[in-house]
Amino acid sequence: MKAGIFATITLLMIGLSSTSGAEEVLVIIKDFRFIPAEISIKSGQTVRWQNQEKRQYHSVWFEALGEEEPEDYLFPDDSYQRKFDQPGDYPYRCGPHPEMLGSIHVTN
Ligand SMILES: [Cu+2]
C-alpha cells in the first residue's frame, strides 16, 4: 500500500517536472561524502539528497546561511529535497560530520 502511494507520487512528480522543465538534481550521500560535492543548477530547480550508506546517518545543514541545524537525520535510504529559487551560492555541510562539505551554485 505504502509502496503504491510512493509510486503514484513519483509518477506525479515526473509528470510535473517534464511539463515544467524543472527537473530534480540528485546528490548521493555515500562513504561520508556528498557526490557530487559541488553542483550548478538553474533557479527553480530542486535538489534531492539521498543517503545511500549501509548504516550511517547524515544531515544536510546550510550552516553558512545562518540556518538551524536540522533535528532530523537522514538515515539510509532517506532523502531530503529543497528547491532553490534565488541565484547564489549555497554551501552546506553535514551536521554530525563537519568535514563533509558541499555547495549548490544556483544560476539564472
Ligand atoms: Cu555525515
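This section describes the secondary structure, sheet, nonpolar core and selected local features of the chain. The structure is a predicted model, in which local features require pLDDT of at least 70 and side-chain atom pairs count only at pLDDT 80 or more, while totals for chains, interfaces and linings use all residues. Residues are numbered from 1 along each chain as its sequence is written.

Of the 108 residues, 16% count as buried; a residue is termed buried if 20 or more other C-beta atoms lie within 10 Å of its own, exposed if 12 or fewer do, and partly exposed in between, with C-beta atoms placed from the backbone. Among the contacts in the chain with a separation of 6 or more, 51% are accounted for by residues 24 or more positions apart. Two residues are in contact if their C-beta atoms, placed from the backbone, lie within 7 Å.

Three strands form an open sheet in the order E3-E7-E6, with mixed pairing. Its edge strands are E3 (38-42) and E6 (88-93), each of which pairs on one side only. Neighbouring strands of this sheet are turned by 20 degrees against each other on average, direction ignored; the axes are lines fitted to C-alpha atoms, for helices over the stretch in contact, and angles run from 0 to 180 degrees between N-to-C directions. Strand pairing requires that DSSP finds at least two bridges between two strands. The pairing of E3 with strand E7 (residues 101-107) is parallel and extends over five bridges. Within E7, Thr107 stands opposite Lys42.

The largest nonpolar core consists of ten residues, namely Val27, Ile29, Phe34, Ile41, Val47, Trp49, Val60, Leu74, Tyr92 and Ile104. Such a core is a set of buried Ala, Val, Leu, Ile, Met, Phe, Trp, Tyr and Cys residues joined through C-beta atoms within 7 Å. Strand E1 (24-30) and E4 are the elements that give two or more residues to this core. When neighbours within four places in sequence are left aside, the contacts of Ile29 include the core residues Phe34, Trp49 and Leu74. Further contacts of Ile29 are made with Gln50, Asn51, Gln52, Glu53 and His58.

The loop between strand E4 (45-51) and strand E5 (79-84) contains Tyr73. This residue is partly exposed, because 16 other C-beta atoms lie within 10 Å. Tyr73 touches Tyr57, His58 and Ser59, residues up to four places away in sequence not being counted. The C-alpha atoms of Tyr73 and Gly95 are separated by 8.6 Å, the two residues being 22 residues apart along the chain. Asp77 is also found in the loop between E4 and E5. Its phi is near 80 degrees, a positive value in a residue other than glycine. Asp77 counts as exposed, since it has 9 C-beta neighbours inside 10 Å.

A positive phi, of about 55 degrees, is likewise found at Asp31, which is not a glycine. Asp31 is placed in the loop between E1 and E2 and is exposed, with 9 other C-beta atoms within 10 Å. A cis peptide bond joins Ile35 to Pro36, with omega about -5 degrees. Pro36 itself lies in the loop between strand E2 (33-35) and E3.

Definitions and conventions: Helices (H or I, at least four residues) and strands (E, at least two) are DSSP runs, numbered from the N terminus.
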